[in-house]
Structure formats: structure tokens, C-alpha cells
Amino acid sequence: MGKYKNPSRRDVLIGAGATAAAYSMGDLILPNTSLAAMKPKKGGKLTYAILTRNSKHKSLKTAKHPYQGIHIRTKNVYNALTWVDHDIQAQPEVATKWEAVKDDQTIWEVDIREGIKFHDGRDLTVDDVVSSYNFHRDKKKGTSFAKKMLAKVEKAGPNKARFFMKTPNAEFGWWAAEYRQVIMPAADIDKIGLDGIGSGPFKFANIDPKRSVVYEANQDYWGEGPYLDNLEVVYQQSMGSAMNGFRAKQFDMILGIDPAMVPQFEKLENTTVDIAKAGSQMLAVMPKYEGSPFMDKRVRQALTLAVDRQKIIDIVYGGSSAWLTNDTHMADFNEDFLPRGVVRDVAKAKKLLAEAGHPNGITLPTLYYSSYYPEIDRVFQVMAESVKEAGITMPIELKQKSGYRKWRVEDKKKTRKHRFAMGPVGPRNPAANLFRMARPTYNESGYWHPNPKGDEFIALYKKAMATGDQKERRAVYHEMQRILQEEVPTFFIIGRRSIDVFRSNVHGWKAHSQSWSGKFDTVWKS
Amino acid sequence: MLRAMIRRTLLSVLILFLVAIFVFLATEVLPGDALDVYLSEDDVAVMTEEDIEEMRHDLGLDIPAPIRFFTWLSGAVVGDFGVTIVDQIPIGNIIFHPLLNSLQLGAIITLITMPVAFAIGATAGYWRGQRTDAVVSTTTIIGYSIPDFVIGTVLIIIFAVWIPLFPAVITAYNKAHPMELLAVSLLPAITVIIGHVAHLSRLLRAGFIETMNSDFVERARLSGVPERRIVWRHVLPASVIPTLNAMALYMAGVLSGLIVVEKVFGYPGLGIELIEAVDTREVHVVQAIAFLGAVLVVVMNLLADFAIIALDPRVRSHVSER
């Protein structure tokens, strides 16, 4: 056996050069077979299982309507003006361009893409955009985001629509991507959308409004794809049955799996587990009425400093499928996300509690939660255990999901107070995220308002919405997040990343943080 | 005898009324309402409490409970279960196909369970105390003890995952053709049949043994009637009578007993519809399904009572004396 000699710098350089040359020669001599194999293939059917269903799904008569499909993923059949990509950036879809034509960001003009055809062969025109948005903003039949924000929409040219917002909205591009705000062929408000005609990559083929939908490819789709002939969505009531279906090869894909199931799926052959950049968060509403311990800011600060979020991530999420929240609605992949300076500080938490008159620790009211996510019990158990280190006793209790929201908020006559309780938060753009703490009448802040800092927060929100320049807006967003991190009106427990699982012969799919924004246009099967 | 039958019928009507009240009260005490489930977190994030209250008023959710109950009941007695709260869809439309699907699965299960349970029960009863009886008794106790969802899951793993003969999950539509459903119903049916055969065969075994020990069988034996004839012509029919009530309740209970298996396999039946109605707080659908279940139990029980009165001379004479 020859004696080992440490390679000299010259040896390393020669070796590296030789390797690079061999690699490039290899490319010349042999075609890149892996790239050739990755060329999208047309045909086939993909079946995916979903574990949550649109709460507005209805009868067969209305099942094709974008508000009432079995799944909130309207992207299979319909297009919106814009869509939100995997980095939560607004991208063109039916709109090719959108710009504010008034400095205060209240009037927007949108250029409509030419050459888009609906499934029935009709051209998509600006009249369809106007008609669709008149429906979306209708007081009785419309959708919340449009009703709240859109005052008027009108035709401004052959391919141009003009939107008049009720209040400034610098993030129009994200607002226009909301999953219900799709473009449908113009029709009366009572009829629009019921025929299921969209301009998306797939058309409705078969529907059971409560169980599944089969789509077929739209051969005249204006964009890339679709490559699949058919796409099927099957609703499953439990993770167990979805997994059985996947193992029995009935399903090619399951969207939104329980993080605890990841190791089991990873053991299966030819299976890919894909974790999105972000997903939903869990927050805890801290009631601020007379007599509540959360009236004292120091108690709120102590609580958020005491939680061992990293332990939750390690124990419940296998170290990777969750992220550290920053005590705001922002997700860590938002460009404007401002991390908390200190993640956990038990000593400071104890000091704050002592200053607040609890030198021997504090017993908080029961924190209620509901089964919004399959792993939620484990999250709350680890959290309740971790805050004990700071002298905080926090009883926890699971409540039934049905009726939970009504139960946790106060009644109309305010004879029952709202509760210390968990709520879910979807991943969205900063404007939609931070708006939730800028509403004095909304329970989620635990009625932090009226409050000088709360007033400052609202003023900053209004300023951000009227600021067209993204960098300037980001500075305002950072200021708003600093206020929330100092005031802790609401305590954010953990952020979870969406997890999808699919067979290895499925290509072109990537888990999306906003589960409703994923698109099957370019997905194919080998 | 006629008077007894009328009395039983009136009692059944009273029971149905009480069931209707009980189901209504049970749905009333559930937290939340249909609107609460209907609205998403996104909706609530941009709505005011006044907006929500207005919607609640529009849907009639603020009408006092007694008025809602009697409105529903007055329709239900003539077969009109009303409409769903949020979507205003006739409830008959919602439950019709799931009901047919469940009845189909229930019929398959009953048609297989009855003869199999009868054969096993009679075999064990005839050879009571012997090895055959011991094997049958032990097996039935095991079969009866294992919950349906465990049997179902094991069957899925074996016959859908390891040996892919059947689907693990039934994806057929609510309105699927009966033959399409029949083709995929074997695993759910076997899941239920195992437990039911175990239960019924034990009842039939006891009835068989009791009949074998009765005076008329002893007299037949002493008269020289061949054993085979005694068993087939006398013991088997007579041993059914004590179990008629149990069988009637079993048949009526097949529907409610299907909830678990429908959930495990995703079978598009009434059980899944009931779970969903509870989840979405569509109380009228819950009431309709529970009411139908109660009607079925009462009617089957009534029929069993009538059958016993008609078939058993001892009961008939006892009823006539009263």
C-alpha cells in the first residue's frame, strides 16, 4: 500500500481542471439524458386528495361556481387578473400590467391580455372583467375582499379596465389574485359563474359536489400546458384514508399532509415529500378587558419570550416544516418580514413577570384551541410545557371546531367576554397580513384598540397603503412590525409550512405556501 | 290482538315524537351554527359583527327554537324535511342518494349475514359443548370484539395495499350506479359482516339450544321422528322466534351501524352525510337523518312484534287474554 501524501495546491488545481474538462467532454459525447427525460410529456390523469374542503361547497347546481367548488383552488378552471407565485409575488395572469393612476393608490388601471379564450370559445374581454368584478363586489353575493375594498370598476379602453378602490391599496396586484376573484364570462349577477366556464387550463368534466371533481384539459389554453389529459380532486375526511389511497396507488398526490406523517411517507418508495416556504400560522388572541392579566403589556411580553418555539419546531415539525414567527401576521418568506430581536429569553420573561407583580410566576386563563391542523395538540402541549420554565402555568383545552369561532368571541350584547383562544392565519402579502391588527373592531387583536400605539399602527397602515414605492412601503411595514413586537397585542405561536406528497413520476409540482395558489398548468406525469 | 297492535302503533308514534324532540334539543345545544361554519377565517377577517348578524338574520337563524322545531316537525310528518339553512337546498335531494346507497349496502350485508349467522349458530347449537361449538364460540367472540374500523383497516392493508384487488378508498359519486357501487362494496360489507355474523350467530345458537331442549322436540323424538326432520322442520323455524326482535333491531341498526365503515372506506352513504351535516351545523339534515333512522327502528320493531304475535301461539293467546 502506497504512502498517503497530502496533495499540494498545484495538485488540487490540476485535478479540478481535469474534472471540469472531463465533465464538459462528457456532455459533448453523451447527450444529457436526464434533461431529455425531463421534457414534459403530454397525457395521463393525475388524482390528488385534499383534506380540507371549501366551506361554501354546495349542490350540483352551483358546484362549478368559483365560490362554491369543492376546493378553494379555483386555478384549475379559472384565471384571475394576477396570481401569486411561490415567492408570494404577484404575477400577471389575465392582466398584463396594473398601475396606480392616482398617487394615493385609489385608482388602478389594468391592461387585459389579448388572445385568451373561455372554454366555450368566446374571447375574454374587458367587459367580462368588469362584469366579474361587479359580481365580486356585490353586497349580497360578492366576496369579502372585493366587497370591502372595491368601490367601482369600469371599462377604460378596448383592453383596459379601471378600478376605483374605497381606500388606498398599494398592493392591488396581490388583492387581485384572491382565489375567488376570478374572471368569468359576463352575465347577470344571479347567473354569472354557474356554468363553470373559465379560461383556465382545465374544464369541468364530472362533479360530485361533496366528494370529487374531474377536469379535462383545455386544449385552447392561452398559457403553457396543460400536459395532463385529466385532473381529479378527491376529498378525504381523514389523513388515514388519504394515505391508504396513496399507498394503494389510487392517488398520485396528497396536498397538505400532517407533519407527523412525513417520516412515514419518506419511507415509501418513489415518493416525494415537498415542503413549501411557508404556510399558515397559529396565533392566540389575548383579551384585554378589565381584570384580564393581558391588560399588562409585560405579561404579554413575558409570554412570548417564554415560549420555546424552536422546541416546537424540533419536536412537532421534525426541525424543518415550521418557522419562527415574529409576533405579527407576516410569514418569514415575506420580503418585508422583520425577525424578532430575541427569540427566547426565560430570564427576561421572569423579570417582566416580577415587575408586573408576579414574582412567583403566574397562572394564565385557559388557552383554548381547535383542530385546525392535525398536529395542533402536540404544538399546544409542547408550548404549555415550555412556558413553565418562566413560571407561567397555562392550562390548555381543545374545543370542537364547529362553532369554535362563535364560541370564542363575545356575544352581540357583550354579556359574554371573548376568550384567550387560538386562531388560524393564512399566508398573505403584507397589506393583507398587517390589516388584521389595524381593525379596532376586530377581535383578533384582543381589542388592543383604542391605544396610542394602536393609533400609530393604524396611521402607519394607512400610510403604507398610500405609498406606491415598495422600498418606502417596506420601511413603514418594518415600523409597524416593531410596534407589534413591542406591544404584543397578539401572541403568535408557530408558523407551519405546507407539505405536499406525491409520486416521483409527477413533475412540475412544487408545494405552495398559499395552498390555493398552486397551479397544475405545467404538471405532467412520466 | 288487533287492539294490541293498535296500542303498539300508537306507542311507536309517541316514541317518534320524543325522538324528534330529543334530536332537536341535541342539535340546539351544539356550539355554533351553520353560518359560523360557512364563513371562512378570511371572510371574518374583513367583516364586522353587524355584517355577520345581518347574514344570521337573513338565514333565519335568529328565529326562536320552538318555532323552528314545530315548523320542521309539521313538514316532517308529511315527508317534507324542509331545506338546508345556508343553501336552501331541499333536504330530500340531499339525503335521497346517500339513503339509497346505504340501503343497498345494508341489504347486501343483511342478505349475507342472516344465512351465514343462521348456519353458524345452528351448527354450534346442535353440537353444543363439543369442539365445533368451542371453535365457533371463540371465533365469534373474537369477531364480535374487534371494532369495525380495525377490521376495515386490516382488510384495506391486505386487499388494497399489499394485494391490490380492491380500492382502499371508494371514490364513487353519491349518484353512482348501483352496480358501480356494488363492485367496490365488498371490503366495507365484509368489515361489517364479520361483527354482525358473530353477534347474531350467538343469539341464534342460544335460541337453537333452547328449542332443542323444549318439550315438543322431546315428544317428537319419543314419537320416532327422524333427527334430521326434527332439526329442519321444527327446531330451526322455532329457534328463530326468540331472536326475531334482535334480528329486527339488527336490520334497523344496520344503517346507523354503517357510519364507521362508511367513514373508513369513504362509502357515499347516509353516515357520511350525517357526519358532514353535524360538522356544518345543518341541523335540519341531522334531524331528517336521525328521524329516518328512528322510523326504521320503530317500524322494524313493530313488524317483529307483529310477526311474533302472529307466529308464536303462546304470545298470541297471552295477548288475546289481555
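**View 1. Asn270(A) sits in the loop between α7 (262-267) and β12 (271-275) of chain A.** This is a predicted model, so treat every view here as part of a prediction. Asn270(A) isn't a glycine, yet its phi is positive, near 50°. Is Asn270(A) buried or exposed? With a relative accessible area of 58%, Asn270(A) is exposed.

**View 2. Asp327(A) is another non-glycine residue with a positive phi, near 65°.** Look for Asp327(A) in the loop between β14 (322-323) and α10 (346-355) of chain A. Asp327(A) has a relative accessibility of 2%, so it counts as buried.

**View 3. Gly225(A) and Pro226(A) are joined by a cis peptide bond.** Omega comes out at about -5°. Pro226(A) belongs to the loop between β9 (212-217) and β10 (230-235) of chain A.

**View 4. A cis peptide bond runs from His449(A) to Pro450(A).** Here omega is near -5°, and Pro450(A) falls in the loop between α13 (430-435) and α14 (452-465) of chain A.

**View 5. Chain B meets chain A through 49 residues of chain B and 46 of chain A.** Together the two chains bury about 4100 Å², with 45% of that on carbon and sulfur atoms. Six salt bridges link chain B and chain A. One of the salt bridges pairs Asp58(B) with Lys140(A), whose closest N and O atoms are 2.8 Å apart. Several helices of chain B each supply at least two residues to the side that touches chain A, among them α4 (49-58) and α13 (244-265). By class, that side of chain B has 26 nonpolar, six polar and 17 charged residues.

Notes. Residues numbered from 1 in each chain as written. Chains lettered and ligands numbered in written order. Predicted model: local features only at pLDDT ≥ 70, side-chain atom pairs only at ≥ 80, totals over all residues. Heavy atoms only, no water. Contact = heavy atoms within 4.5 Å. Buried area = accessible area lost by both parts, 1.4 Å probe. Salt bridge = Lys/Arg side-chain N within 4 Å of Asp/Glu carboxyl O. Helix = DSSP H or I, 4+ residues; strand = E, 2+ residues; numbered from the N terminus. Nonpolar A, V, L, I, M, F, W, Y, C, P; charged D, E, K, R; others polar. Buried < 20%, exposed > 50% of the residue type's maximum accessible area, 1.4 Å probe, protein only.
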